[in-house]
Amino acid sequence: MRGVLLCEGRRCSSAGCRCRRGELHGPYTYLAVYADGRSRTIYVPQAARALVEQHVAGTQRNEALLSEIAQINLELLLRRALG
Ligand SMILES: [Zn+2]
């Protein structure tokens, strides 16, 4: 799962609520994702948080490995082309 986990407090729509005086509700967890040319922020329910964290961390590891492999392949190609 690609994205960035955010933890934020929110204001509600009631005019007299304590959140209007700066005591925000939450904090709640959100997943910020960039897809189809735009970014979205998706609410992550408390019960799903650990699972989403695992998937986000797994994707970050995979992408770091893929970028390392791509770099190695580029170096091998350059060596072949120049050698
Ligand atoms: Zn409120």
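Q46 counts as exposed because its relative accessibility is 61%. Exposed means over 50% relative accessible area, buried under 20%, and partly exposed in between (1.4 Å probe, protein chains only). Q46 sits in the loop between β3 and α1 (49-82). Its C-alpha atom is 7.4 Å from that of T29, although the two residues are 17 apart along the chain.

This is a predicted model: local features need pLDDT of at least 70, side-chain atom pairs count only at pLDDT 80 or more, and totals for chains, interfaces and linings use all residues. Residues are numbered from 1 along each chain as its sequence is written, and side-chain values use heavy atoms, with hydrogens and water left out.

## The sheet

Three strands make an open sheet, ordered β1-β2-β3, with antiparallel pairing. The edge strands, β1 (4-10) and β3 (38-44), each pair on one side only. From one strand to the next, the twist averages 35 degrees. Axes here are lines fitted to C-alpha atoms, for helices over the stretch in contact; angles run from 0 to 180 degrees between N-to-C directions. Strands (E, at least two residues) and helices (H or I, at least four) are DSSP runs, numbered from the N terminus. Two strands pair if DSSP finds at least two bridges between them.

Six bridges join β1 to β2 (residues 25-35). E8 stands opposite Y28 in β2. Seven bridges link β2 and β3. One of the residues involved is A35, whose bridge partner in β3 is R38. β2 and β3 form a hairpin with two residues between them, and D36 in the turn has a positive phi of about 55 degrees.

## The nonpolar core

L31, V33, V44, V52 and V56 form the largest nonpolar core. β2 and α1 each supply at least two of its residues. Such a core is a set of buried Ala, Val, Leu, Ile, Met, Phe, Trp, Tyr and Cys residues joined through side-chain atoms within 4.5 Å.

L31 touches several residues beyond four places away in sequence, among them M1, V4, R40, I42, V52 and V56. Contact means heavy atoms within 4.5 Å.

## The zinc site

C12 (SG), C17 (SG), C19 (SG) and H25 (NE2) coordinate the zinc ion at 1.9 to 2.3 Å. Donors are N, O and S atoms within 2.8 Å of the metal (3.2 Å for Na, K and Ca); water is not among the atoms, so sites may look incomplete. In sequence, the donor residues follow the spacing C-x4-C-x1-C-x5-H. C17 and H25 are buried.

The arrangement is tetrahedral because the four donor atoms subtend angles of 104 to 114 degrees. Four donors count as tetrahedral if all angles lie between 85 and 135 degrees.

Technical notes
Tetrahedral: all angles 85-135°; square planar, octahedral: opposite > 155°, others 65-115°.
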